[in-house]
Amino acid sequence: MATKSRDTSLFPGDAGDGTESPAQADRQASSADAGAWPGANTGAVALTFDVDARSVMLAADPSRASRASLMSHQDYGPLVGVPRLLALLRDYGLRATFFVPGATAEHYPAVLAAILEGGHEVGHHGYLHESLVGADERAERDYLERGLDALDRIAGVRPSGYRAPWWEATARTRPLLAGYEFAYDSSFFDADAPYPAPECSGQIVEVPVCWALDDWERYAFWPGITGDGRIDRPSAVVAAWWEEIQAIHAIGGIAVLTMHPFLSGRPARAAALRDLIERCLATPDLWVTALDEVVHWYRDGKLRKG
Ligand SMILES: [Zn+2]
């Protein structure tokens with residue numbers, strides 16, 4: 001009986017002959033990885049904030065600009081959430097990564113300045129939080145360049161990190177990032193610890209994410225747009241996150257917390273985040289840091305040693 005050949009278009013980058021299967025050894029966090037974190041650390045937590053503000057709503061439907069209440073819901077992030085979260089991070093001397101769309105930078109230059117003044121990392125998150133689903137290379141380059149231009153023009157920032165809006169990267173995203181001299185991406189889900197993007201010859205480090213560590217599914221609600229009206233209790237959210245962090249720590253991985261200031265900047269949620277940060281900091285061998293520091297460590301040490 002003839003064997004039906006595989007449809008390789010479903011597996012981009014795979015010749016279909018068994019020669020290019022992903023290297024599992026690169027992806028699995030292990031006790032060896034646990035010993036490889038800096039100092040006495042055996043795992044890491046990265047605090048990341050996506051300052052989507054209005055962009056995430058406008059990218060999906062520009063006519064929403066006339067919905068003043070919806071826009072105010074998004075404005076809460078830069079106007080109230082970011083200052084509250086910056087104060088929280090300052091209380092513990094922590095650095096975090098803020099992914100800022102170009103449109104947010106242009107609309108709230110003082111917010112971007114405050115993030116930088118706090119010593120935090122600013123990463124690229126599109127220009128208007130554009131979806132890359134179905135985007136061609138020209139469009140994807142345009143979004144990258146417009147985002148780079150806005151961050152540079154408003155604050156002189158040249159980001160080393162990128163996060164695809166809605167975590168929807170394409171097969172060409174990481175090679176494009178390499179061409180624009182980024183150091184890392186944080187949009188893929190296929191590991192528990194950093195790994196070199198195989199299609200970029202080690203030029204791009206991937207710091208993987210997961211939905212369970214994102215605040216959107218826990219807190220976001222706008223009738224007809226997102227959520228189902230069920231809004232989780234902040235103490236329950238951080239309890240779930242702590243469970244995730246402990247399990248990832250136990251296998252020597254990194255937990256990338258992804259939060260949005262218009263959601264996690266609300267008072268009870270910020271108070272719960274404070275509680276979670278205190279639990280992390282009370283764990284002596286857990287590194288709490290920003291993504292650029294993780295990538296710097298990874299490229300300088302682990303990657304070079306091969
Ligand atoms: Zn976003």
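These are my notebook entries on a predicted model of one protein chain.

**Ground rules.** I number residues from 1 along each chain as its sequence is written. Since this is a predicted model, I take local features only at pLDDT of at least 70 and side-chain atom pairs only at pLDDT 80 or more, while totals for chains, interfaces and linings use all residues.

**Overview.** I found 13 helices and nine strands in the protein chain; helices (H or I, at least four residues) and strands (E, at least two) are DSSP runs, numbered from the N terminus. I looked up burial next: buried residues make up 42% of the 306 residues. A residue is buried if 20 or more other C-beta atoms lie within 10 Å of its own, exposed if 12 or fewer, and partly exposed in between, with C-beta atoms placed from the backbone. Of the contacts with a separation of 6 or more, 73% come from residues 24 or more positions apart; a contact needs C-beta atoms, placed from the backbone, within 7 Å.

**Strand β2.** I turned to β2, residues 97-100. T97 and F99 point one way, F98 and V100 point the other way, and all are buried. β2 runs parallel to β1 (residues 43-50), joined by three bridges, and T48 has T97 as its bridge partner. On to β3 (residues 121-124): four bridges join it to β2, again in parallel, and F99 is partnered with G123. For strands to pair, DSSP must find at least two bridges between them.

**α4 with α6.** Helix α4 (residues 68-92) packs with helix α6 (residues 109-117) at about 5°, their axes 11 Å apart. Axes are lines fitted to C-alpha atoms, for helices over the stretch in contact, and angles run from 0 to 180 degrees between N-to-C directions. I therefore logged α4 as roughly parallel to α6, the word for angles under 35 degrees. P78, V82, P83 and L86 of α4 meet V111, A114 and I115 of α6. By class, I noted seven nonpolar, no polar and no charged residues here; Ala, Val, Leu, Ile, Met, Phe, Trp, Tyr, Cys and Pro count as nonpolar, Asp, Glu, Lys and Arg as charged, and the others, Gly among them, as polar.

**α10 with α12.** The axes of α10 and α12 (residues 267-281) come within 9 Å and cross at roughly 30°, so α10 is roughly parallel to α12. The contact has 11 nonpolar, one polar and three charged residues.

**A250.** Lastly, I checked A250, in α10 (residues 234-250). A250 counts as partly exposed because it has 13 C-beta neighbours inside 10 Å. Its C-alpha atom is 7.5 Å from that of G43, 207 residues apart along the chain.

How values were computed:
Contact = placed C-beta atoms within 7 Å. Parallel < 35°, antiparallel > 145°, perpendicular 65-115°, else oblique.
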